[in-house]
Amino acid sequence: MQTGMHLDREHCVRAVQSKDARFDGWFFTAVLTTRIYCRPSCPVVPPKPENMTFHPSAAACQQAGFRACKRCRPDTSPGSPEWNRRADLVARAMRLIADGVVDREGVPGLAARLGYSTRQVERQLLAELGAGPLALARAQRAQTARLLVETSTLPMAEIAFAAGFSSIRAFNDTVREVFALSPSELRTRAPRSGPGTPGVLTLRLPFRAPLHPSNLFGHLAATAVPGVEEWRDGAYRRTLRLPYGHGIAALAPRPDHIACRLTLSDLRDLTVAISRCRRLLDLDADPVAVDERLRTDPLLAPLVDQAPGRRVPRTVDEAEFAVRAVLGQQVSTAAARTHAARLVAAHGKPLDDPEGGLTHLFPDPGALAAVDPGTLAMPGTRRTTFTTLVRQLADGGLHLGVEADWAEARARLLALPGVGPWTADVIAMRALGDPDAFLPTDLGVRRAARELGLPSTPAALTARAASWRPWRAYAVQYLWATDDHPINFLPA
């Protein structure tokens, strides 16, 4: 599977005829006779090959005049793995669009964040995806509207506003055009459920199988900061800082999806909250491609075969993770949680949790930059690292958001006092989302390498890991899995 695979007609036809769900989100099938577009795994009888045409995005299908299939609901496919494994302009733009930037700041705001002209951004998105940023954002708004129509009892006018539409008319026209149903008809067709809790939305987050949930949820539970995160009743719960307000997400693994329950102070944040939850759990990954590459190493293959589908636990807040990585230098997981919990209690913004347990948002860089360094219970060198990092994050000298250039961000991290390769690379892996970030100096990785018969010195292990690229971050998850203890933050 690769960029532009919708151009490989033979490959796409075979995927559709075999109803291969691994390709869902990679491309979309538009049927010329019915003017409907589907995901490759659509359960209906496949159309004749001569009636198929293929597009790289749902937005491109909609631009070409096709409407979404009512059976397979292609708008709910997992996202393309391309946008989370690449760091070029198109991938960074797609991550920003998923984060709602076009709806909040327009195309000029998107271009400004990327450091390109509006024309350059539009041209590259059209060339690769068959749709510009406005069309891509419109397709996303349509999907958000459908979720709200089907999972809430909100009036349609409130849904239109929450989904990002400028008017009721635009909302109605878009829903009819994309789904061939009016908003009221969508609600009528939705499965009936009992009365929900006001302000709470329940939905399913799809993923590509296989998924091994223990490394995801086990790690998140083991490192959870009291007040901000918790594991309760089989679900990971945490607070979210969002563009228009705040929220609480509860995420629980199921055999074929992640059950997601969102409590939002402002429904305009729904799209962003979903995007960040998906990113946290690495749900748009292509585990088959990852595992196939890692299995080519005969010493790594048994680990992959034992528990395929490991993901890289990421974050909903890049700045928060960077701060926590520094707090955890040279201490145990328990000590790192204690340091973070003290900061949260003293400087985090309080919020109400209807279920109890969660009390604060993690403090933002601006609040942390105002902290008196003398109150920080840590060695002087790490105190300097902490204060320098939060100042850089607060004043914009260091960008770790979804639009960040991975190489540039890593270089800026390494330029900070007290930040070495391990800290920079764990931030690249967990916060920036670089799937090829590697930790050859990590004690857990080196211990696992020795047990497997792999080279254990950093230089030799890095050389051996060249065959694992571009998925070395996933190899780290498999190596860490050989240790039954929670992962410690290690020296910088």
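Two strands count as paired if DSSP finds at least two bridges between them, and strands themselves are DSSP runs of E, at least two residues long, numbered from the N terminus. With that in hand, look at Ala30: its bridge partner in β3 is Thr53.

Before we go on, a word on what you're looking at. This is a predicted model, where local features need pLDDT of at least 70 and side-chain atom pairs count only at pLDDT 80 or more, while totals for chains, interfaces and linings use all residues. Residues are numbered from 1 along each chain as its sequence is written, and side-chain values use heavy atoms, with hydrogens and water left out.

Now zoom out to the sheet. Four strands make up an open sheet in the order β3-β1-β2-β4, with mixed pairing. At its edges sit β3 (52-55) and β4 (67-68), each pairing on one side only. Helix α1 (residues 9-17; helices are DSSP runs of H or I, at least four residues) packs on this sheet and touches β1 and β3.

Next, find two helices: α4 (residues 89-98) and α7 (residues 133-151) pack at an angle of about 40°, their axes 10 Å apart. Because angles under 35 degrees count as roughly parallel, over 145 as roughly antiparallel, 65 to 115 as roughly perpendicular and the rest as oblique, α4 is oblique to α7. Who's touching (heavy atoms within 4.5 Å)? Met94, Ile97 and Ala98 of α4 meet Pro133, Leu136, Ala137 and Gln140 of α7.

Technical notes
Axes fitted to C-alpha atoms, helices over the stretch in contact; angles between N-to-C directions. Contact = heavy atoms within 4.5 Å.
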